[in-house]
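Let's take a walk through this model together. Have a look at the sequence and the fold first, and then we'll go piece by piece.

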Amino acid sequence: VLVSTADGVMTITLNRPEKLNAFVAAMHGLLREALTRAEEDAAVRAVLLTGAGRGFCAGQDLAERDMNDPNLDLGGGLEANYNPFIRRLRSLPKPVACAVNGVAAGAGANLALAADLVLAARSASFIQAFSRIALVPDCGGTYWLPRLAGLQRAMGMALLAGRVPAEDAERWGLIWKCVDDDKLMDEASALARTLAAGPTHTYGMIKKALY
Ligand code: T3D
């Protein structure tokens with residue numbers, strides 16, 4: 001995980017590009033630290049989340065799990081790591097933007113959708129990959145998908161686990177905006193800087209009121 005701050009914007013980059021930034025255990029601690037700093041440091045007035053390389057995030061690194069173990073209990077990891085992170089993003093009293101630079105699958109998709117404003121490259125896509133491996137969507141997906149996209153689209157995404165292109169995601173209201181690939185980082189940085197220049201405390205209250 002790479003973290004840098006400039007112009008009031010903390011940029012957090014998921015950085016395992018060779019594995020499409022799939023989550024391994026060590027990343028959770030680094031993300032927690034980054035969010036704590038984002039919350040406590042008055043110089044940070046907005047957060048921008050993105051991924052390195054051609055993917056945004058492919059969700060949990062499946063190589064860390066023995067998915068054939070009938071006794072595998074994934075609840076503990078969700079309660080300890082994923083769920084608190086998603087809740088903290090939502091309740092952070094500062095705006096969080098996300099630049100989805102490529103495929104966002106499983107927990108990676110729902111992490112992206114947990115940001116306050118989501119931009120996606122036109123070639124990016126969102127996959128509720130969970131049911132492919134006999135999981136129920138997690139990381140807030142079951143709560144937010146029907147609220148963002150409506151029950152039928154949420155159900156289709158969750159049951160069929162297909163790829164939703166960024167343009168459909170925009171049309172369905174899953175994300176704020178889809179932009180040309182070569183414009184993504186410029187537009188996302190400009191958006192984050194605009195948010196950083198705004199009334200931070202008010203933004204925090206707007207988030208609280210809407211959520
Ligand atoms: O366990 C818990 O704590 C519970 C929480 C669960 C949350 C979850 O996120 S469950 C869902 C996990 N994610 C997935 O099931 C997605 C798996 N990945 C894919 O379906 C595909 O990779 C994509 C559709 C996202 C992208 O496909 P494509 O063809 O563009 O790329 P690729 O070739 O499949 O992947 C590139 C590399 O990334 C490849 O590695 P290699 O062979 O080049 O060394 C691939 O294995 C690796 N990779 C992609 N996703 C994951 C991954 N490695 C580990 N875990 C992954 N999730």
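Start with β7: 4 of its 5 residues are buried, so the rest of the structure largely encloses this strand. Here, buried means under 20% relative accessible area, exposed means over 50%, and partly exposed is in between (1.4 Å probe, protein chains only). Strands are DSSP runs of E with at least two residues, helices are runs of H or I with at least four residues, and both are numbered from the N terminus. Keep in mind that this is a predicted model, where local features need pLDDT of at least 70 and side-chain atom pairs count only at pLDDT 80 or more, while totals for chains, interfaces and linings use all residues. Residues are numbered from 1 along each chain as its sequence is written, and side-chain values use heavy atoms, with hydrogens and water left out.

So who sits beside β7? Strands of a sheet pair through backbone hydrogen bonds, either parallel or antiparallel. Two strands count as paired if DSSP finds at least two bridges between them. β7 covers residues 117–121 and pairs with β10 in the parallel sense over 3 bridges. Along that pairing, L119 stands opposite K177, and A121 faces V179. β5, made of residues 96–100, also pairs with β7 in the parallel sense, over 4 bridges. There, L119 turns up again, as the bridge partner of A99.

Now zoom out to the whole sheet. It is an open one of 6 strands, in the order β1-β2-β3-β5-β7-β10, with mixed pairing. β1 (2–6) and β10 (177–179) stand at the edges with a single partner strand each, so one side of each has no neighbour in the sheet. From one strand to the next, the twist averages 20°; the axes behind such angles are lines fitted to C-alpha atoms (for helices, over the stretch in contact), and angles run from 0 to 180 degrees between N-to-C directions.

Next, look at β3, residues 46–51, where 6 of 6 residues are buried. A46, L48 and T50 point one way from this strand, V47, L49 and G51 point the other way, and all are buried. β3 runs parallel to β2, and 6 bridges join the two. One of the pairs to find is V9 with its bridge partner A46 in β3.

Two residues in loops are worth a click. L20 is not a glycine, yet has a positive phi of about 50°. L20 sits in the loop between β2 (9–14) and α1 (25–40), and is buried, with a relative accessible area of 19%. A134 also has a positive phi without being a glycine, in this case about 60°. You'll find A134 in the loop between β8 (125–127) and α4 (141–149); at 70% relative accessibility, A134 counts as exposed.

Finally, the ligand. How many residues surround the ligand? There are 25, and the closest are K19, A58, Q60, R65 and A107; a residue counts as near if one of its heavy atoms lies within 4 Å. By class, this shell has 14 nonpolar, 3 polar and 8 charged residues. Nonpolar covers Ala, Val, Leu, Ile, Met, Phe, Trp, Tyr, Cys and Pro, charged covers Asp, Glu, Lys and Arg, and the others, Gly among them, are polar. The side chain of R65 has an N or O atom 2.6 Å from an oxygen atom of the ligand. For R54, a side-chain N or O atom is 2.9 Å from a ligand oxygen atom. A58 brings in its backbone instead, with an N or O atom 2.9 Å from a nitrogen atom of the ligand.

Note on methods. Polar contact = N/O pair within 3.5 Å; in protein donor to acceptor, adjacent residues only side chain to side chain.
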